[in-house]
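Please look over the sequence and the structure first.

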Amino acid sequence: MKIFYKTLFFSTLIILSCLSCSNKEQSISNTSDAALMKDTIISYDLENISSEGTEAIVTYKNRIATKATINIYGETGKIIITYLFNKNIISVQEEIISYTSLLNEDSLEVIPISKISYFIDYKGHFKGEKRIRYTDIFKSFMETVPLKI
């Protein structure tokens with residue numbers, strides 16, 4: 001009778017261990033799929049745009065870029081460009097900001113100078129009537145930043 005209970009105990013233990021392993025694999029697989037559904041944010045340094053530095057912060061959803069915020073830093077101000085990636089066109093918002101003092105001083109105040117909106121295609125060509133002056137860095141952006149990860 002003792003041998004029967006020992007066999008039953010070990011058989012049950014082995015079955016539970018196997019079930020536990022298969023549940024863990026399923027859980028890991030579901031976690032990976034869930035992680036892909038979340039936003040991923042990656043920061044890139046863009047070269048040869050500004051001597052003070054240029055940074056692109058890109059948000060990916062399902063591994064595809066949905067938004068990019070580019071900060072072009074200068075000694076007397078900065079330009080913030082936001083790309084919103086749509087199916088066939090990119091919506092762009094551009095804001096120029098001026099500093100009231102040099103960057104290395106402690107009391108730095110910012111003054112918004114102008115804000116414009118326009119559209120470009122995925123080759124960087126301006127869409128619509130070209131009556132505004134805009135910062136054309138899309139080619140440099142595309143050389144560094146992948147739209148799919």
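## Salt bridges

A salt bridge is counted here when a side-chain nitrogen of Lys or Arg lies within 4 Å of a carboxyl oxygen of Asp or Glu. The structure is a predicted model, and a search of the whole of it finds two salt bridges. One of them joins the side chains of lysine 127 and aspartate 121, with 3.7 Å from N to O. Lysine 127 is partly exposed, at a relative accessible area of 39%, whereas aspartate 121 counts as buried at 13% relative accessibility.

Aspartate 39 and lysine 61 also meet through their side chains in a salt bridge, at 3.9 Å from N to O. Because aspartate 39 lies in strand 1 and lysine 61 in strand 2 (residues 54-61), the pair ties together parts that are 22 residues apart in sequence. Aspartate 39 is partly exposed, with 49% relative accessible area. Lysine 61 is likewise partly exposed, with 37% relative accessibility. In general, side chains of opposite charge can pair when their charged atoms come close.

## Overall layout

The protein has two helices and seven strands. Read from the N terminus, the elements follow the order α-β-β-β-β-β-β-β-α. Of its 149 residues, 27% count as buried. The protein exposes about 10,800 Å², and 56% of this is supplied by carbon and sulfur atoms.

Among contacts in the protein with a separation of 6 or more, 34% are between residues 24 or more positions apart.

Strand 4 (residues 77-85) pairs with strand 5 (residues 90-99) in the antiparallel sense over nine bridges. Within this pairing, isoleucine 80 stands opposite glutamate 95 of strand 5. Threonine 82 also has its place in strand 4. Is threonine 82 buried or exposed? Threonine 82 counts as buried, because its relative accessibility of 15% is under the 20% limit. Leaving aside residues up to four places away in sequence, threonine 82 touches Lys67, Ala68, Thr69, Ser91, Val92 and Gln93.

## The nonpolar core

The largest nonpolar core has 24 residues, of which Val58, Ile70, Tyr83, Phe85 and Phe141 touch the most other members. At least two residues of this core come from each of strand 2, strand 3 (64-73), strand 4, strand 5, strand 6 and helix 2 (138-144). In soluble globular proteins, nonpolar side chains tend to be buried together.

Which residues does phenylalanine 141 touch? Not counting residues up to four places away in sequence, phenylalanine 141 touches Leu46, Ala56, Val58, Ala68, Ile70, Tyr83, Phe85 and Leu147.

## A nonpolar surface patch

Nonpolar residues also occur on the surface: Ile96, Ile111 and Ile113 form a patch there, with about 250 Å² of accessible area together. Isoleucine 113 has its place in strand 6 (residues 110-120). Isoleucine 113 counts as exposed, because its relative accessibility of 55% is over the 50% limit.

Technical notes:
Residues are numbered from 1 along each chain as its sequence is written. This is a predicted model: local features need pLDDT of at least 70, side-chain atom pairs count only at pLDDT 80 or more; totals for chains, interfaces and linings use all residues. Side-chain values use heavy atoms; hydrogens and water are left out. Two strands pair if DSSP finds at least two bridges between them. Helices (H or I, at least four residues) and strands (E, at least two) are DSSP runs, numbered from the N terminus. Buried means under 20% relative accessible area, exposed over 50%, partly exposed in between (1.4 Å probe, protein chains only). Patches are made of residues with over 30% relative accessible area and no salt bridge: like charges are joined within 9 Å, nonpolar side chains (Val, Leu, Ile, Met, Phe, Trp, Tyr) within 5 Å. Accessible areas come from the Shrake-Rupley method with a 1.4 Å probe; for residues, only the protein chains shown count as cover. Contact means heavy atoms within 4.5 Å. A nonpolar core is a set of buried Ala, Val, Leu, Ile, Met, Phe, Trp, Tyr and Cys residues joined through side-chain atoms within 4.5 Å.
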